[in-house]
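Here are a few notes to read alongside the model.

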Amino acid sequence: MNLKEISIYMKKMKLKVENYTSPFLDNLFDNIDLAEYEKTRKMMALAAKIADVMEAKGWKKIDFAKAMNKKPSVITRWLSGCHNFSFDTLVEIERVLGIRLLDLSTETQKEKTAAAKEIMIVIHADAPVLELRSGSTFTSVSSGDFLNHKSERRNIAYA
Amino acid sequence: MKYRIVRLSKASGKKASFYTIFDVLAQNTFFERFIQENLTLHEGEIHEIINRLKVISEDEGARTYNFKFDQGKPGDGVCYLKYREKGQSLRLYCIWYGADLIILGGGGAKAEDLKAFQESPKLKQENYLLRKISELVTEKLRSGDLELNHEFEGNFNLYEEDETES
């Protein structure tokens, strides 16, 4: 092959791209603030979820805008991954799209766990009388009666 | 004009690859030059851009809503990255080839009182340069000199018509 043919051959060769890096860029990407990164990630993930559901429903921006009673330009802002949604807006989007954006399951489970925990009552020896609240009234009972009543048994700590 | 397409290994991830243009004569890349030119006065925004690029490359891919299009000629893919809803002063020009491949170019700050980027000599220069890059890449894709299949493959050199490769 002559030089021209070699040049044409080299041009047609399928070469893998050069992976470029530099200390300057390495330093920037290696020192990302994790808290800020997580915030950005969640903002973009939220927008992406809304966009994916729109696509699954076959909705264009104008359809979603109509359903939300907003201008299409507002939807563009929402989908950019830069928007800071209000709580009210997220609740409304959940309703219109039929999806969950506010995941409260962890808190609900915690609440259930907290409710299932036995109540700790501290009985002071110098205060043998307990007041039990039942509805809007209080009943005074002796601590002894309280402890003996099975339906009212609780974990007791003595101070 | 002698350029080469290179892949930014630190910016790229499992969902998208970011490429940029290596200026053979200046021995620098368009993206690195953009960062160096704007890091001092816009440090916070530069870090926001870096975060956003990593989320795109690692988690979400390059969705069209993350970019502002129609910054070049019709259909050439020239756009800029959105990273703030309000108070975004930097424009990082890019060429969008799909959810998994973007070429990052240069850019600069756009003053609030400017109505069009052409009013800024810097933005105009960077934008028009990337339009030219887009033309050259499109030509190479058409001729088969370069192929696009989730990543670029082929001949990554970009030269003007009257220049020869050395």
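1. A word on terms before anything else: a cavity here is a set of grid points where a 1.4 Å probe fits but cannot get out, and its lining residues are those with an atom within 4 Å of a point. Keep in mind that this is a predicted model.

2. With that in hand, how many cavities of 30 Å³ or more does the structure hold? There are 2 of them.

3. Let's take the second largest cavity. Chain A lines it with Tyr20(A), Thr21(A), Leu25(A) and Phe29(A), while chain B brings Leu8(B), Ser9(B), Lys10(B) and Ala11(B). Sorted by class, that lining comes out as 5 nonpolar, 2 polar and 1 charged residues.

4. Now the largest cavity. From chain A, the lining takes Met44(A), Ala47(A), Ala48(A), Ala51(A), Leu79(A) and Gly81(A); from chain B, it takes Glu60(B), Arg63(B), Tyr65(B) and Asn66(B). Which helix gives the largest share of this lining? That would be α3 of chain A (residues 34-56), with 4 residues. The classes here are 6 nonpolar, 2 polar and 2 charged.

5. On to the contact between the chains. Chain A puts in 37 residues and chain B 42. About 3,500 Å² is buried between them, and carbon and sulfur atoms give 61% of that area. On the chain A side, the residues that lose the most area to chain B are Tyr20(A), Phe29(A) and Met44(A), which together make up 20% of what that side buries.

6. What about charges and polar groups? The interface of chain A and chain B has 4 salt bridges. One to look up is between the side chains of Arg4(B) and Glu18(A), at 2.9 Å from N to O. As for polar contacts, 14 residue pairs are counted between the two chains.

7. Last, where on chain A does the side touching chain B come from? The elements giving two or more residues are α1 (3-12), β1 (18-20), α2 (23-30), α3 and α5 (72-79) of chain A. The largest share, 9 residues, is from α3(A), the helix that also leads in the lining of the largest cavity. By class, this side of chain A has 16 nonpolar, 9 polar and 12 charged residues.

Definitions and conventions:
Residues numbered from 1 in each chain as written. Chains lettered and ligands numbered in written order. Predicted model: local features only at pLDDT ≥ 70, side-chain atom pairs only at ≥ 80, totals over all residues. Heavy atoms only, no water. 1 Å grid on protein atoms, 1.4 Å probe; cavity = no way out; pocket = protein on both sides within 12 Å on 5 of 7 lines; lining within 4 Å. Points joined across faces, edges and corners; volume = space filled by probe spheres on them. Nonpolar A, V, L, I, M, F, W, Y, C, P; charged D, E, K, R; others polar. Contact = heavy atoms within 4.5 Å. Buried area = accessible area lost by both parts, 1.4 Å probe. Polar contact = N/O pair within 3.5 Å; in protein donor to acceptor, adjacent residues only side chain to side chain.
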